[in-house]
Amino acid sequence: MCFDFHIHSNFSDGQHSLETIAEHAVETGLQAIAFSDHYFTRKTRSIKPDQLPVYLETISKLREKYRKELIIKSALELDMLDWILTGKELSALPADPSIDFFLCEYVTNESLSGMPLKIFLKFRSAISKPVGLAHTDLPIAFAGIPANELMAIFAEFNIFVELNEGYCRPGDTVPFYRHWDPYFHQALSHPVSFSAGTDMHSDLTILGAHSAYRYLESKGIRNHLIFLHEIDPDRSSLHND
Ligand SMILES: [Zn+2]
């Protein structure tokens with residue numbers, strides 16, 4: 001299984017065009033990718049609302065071009081800290097039906113700098129699309145919330161959690177998710193979905209969340225992967241292996 005659901009192009013702060021990335025994904029045998037460029041944030045170069053139609057149209061053309069070889073999803077990465085600091089309303093969220101999901105960064109508990117989970121849950125409840133947390137180190141970002149409670153909340157509000165290959169704790173050499181066993185254990189009894197990606201910005205050779213997928217598999221929860229029904233239609237119901 002070979003996919004990557006967190007990728008940046010030069011529509012935001014990535015180095016390569018959507019075309020180059022899709023072409024590379026096909027050449028290296030990926031089965032599915034998601035473009036998740038930053039949307040409308042002050043943090044970094046991002047897609048402005050008037051640029052969104054071109055972004056989505058370009059992805060749609062690539063989807064058509066590679067329809068036999070590669071599943072391509074359109075996503076946007078949302079900076080929830082900036083969202084709250086700039087007082088954006090929910091109506092600022094683009095409603096284009098071709099957006100497949102929103103990836104949200106900087107959602108935290110009350111004591112850290114981010115959008116507090118309580119507010120995020122209201123935000124999430126008002127959106128019909130899939131919504132997930134980008135590269136969030138669960139035990140740190142939600143310190144004080146027991147793993148069973150947190151996973152019950154994510155299941156109830158249908159919030160998926162990303163396993164990101166590129167984020168390690170300071171001084172550590174393995175990705176965050178390698179420290180999440182209590183959460184994965186809870187996922188055996190809560191229907192929480194997971195995503196996986198690299199957050200690729202410039203190095204095309206890192207594309208593909210292979211280890212994250214194998215890790216989910218080793219925890220018996222590969223079937224909790226988002227879009228699995230499209231990548232692997234034969235084994236896709238949300239039950240544990
Ligand atoms: Zn990102």
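Helices (DSSP H or I, at least four residues) and strands (E, at least two) are numbered from the N terminus. This is a predicted model, in which local features need pLDDT of at least 70 and side-chain atom pairs count only at pLDDT 80 or more, while totals for chains, interfaces and linings use all residues. Residues are numbered from 1 along each chain as its sequence is written.

**The sheet**

Stay on β9 and select F194, the bridge partner of V161. β8 and β9 pair in the parallel sense over four bridges; strands count as paired if DSSP finds at least two bridges between them. Now colour the strands. The open sheet has seven of them, in the order β1-β2-β3-β4-β7-β8-β9, with parallel pairing. The edges are β1 (3–7) and β9 (194–197), each with a single partner strand, so one side of each has no neighbour in the sheet. From one strand to the next the twist averages 30°. Angles run from 0 to 180 degrees between N-to-C directions, with axes fitted to C-alpha atoms, for helices over the stretch in contact.

Next, show helix α2 (residues 52–65), which packs on the sheet and touches β2 (32–38) and β3 (71–79); its direction makes about 155° with that of β3. Contact here requires C-beta atoms, placed from the backbone, within 7 Å.

Buried stands for 20 or more other C-beta atoms within 10 Å of a residue's own, exposed for 12 or fewer, and partly exposed for counts in between, with C-beta atoms placed from the backbone.

**From β8 over α7**

Trace β8, α7 and β9 together: they make a right-handed β-α-β unit. Right-handed describes a path from the first strand over the helix to the second that runs clockwise when the strands point away from the viewer.

In the loop between β8 and α7, pick E165. With 26 C-beta neighbours inside 10 Å, E165 counts as buried. Display its contacts: not counting residues up to four places away in sequence, E165 touches P175, T198, A209, S211 and A212.

**Helix α6**

Select residues 147–156, helix α6, where the buried residues are L150, M151 and F154. These cover an arc of only 95° around the axis, which puts them on the same side of α6; the arc is taken from the directions from the helix axis to the C-beta atoms. An α-helix has 3.6 residues a turn, so residues three or four places apart point the same way. On the other side of α6, select E149 and E156, which are exposed. The buried residues pack against α5 (138–141), β8 (159–164) and α7 (181–187).

Centre on L150, which has 24 other C-beta atoms within 10 Å and is therefore buried. Beyond four places in sequence, L150 touches L138, F142, I145 and Y183. Its C-alpha lies 9.2 Å from that of Q186, 36 residues away along the chain.

**The core**

Finish with the largest nonpolar core, of 68 residues, where I33, A75, M80, F102, C104, V107 and A212 have the most contacts inside it. A nonpolar core joins buried Ala, Val, Leu, Ile, Met, Phe, Trp, Tyr and Cys residues through C-beta atoms within 7 Å. Select V107: leaving out residues up to four places away in sequence, V107 touches M80, G114, M115, L117, F120, L133 and T136.

Technical notes
Contact = placed C-beta atoms within 7 Å.
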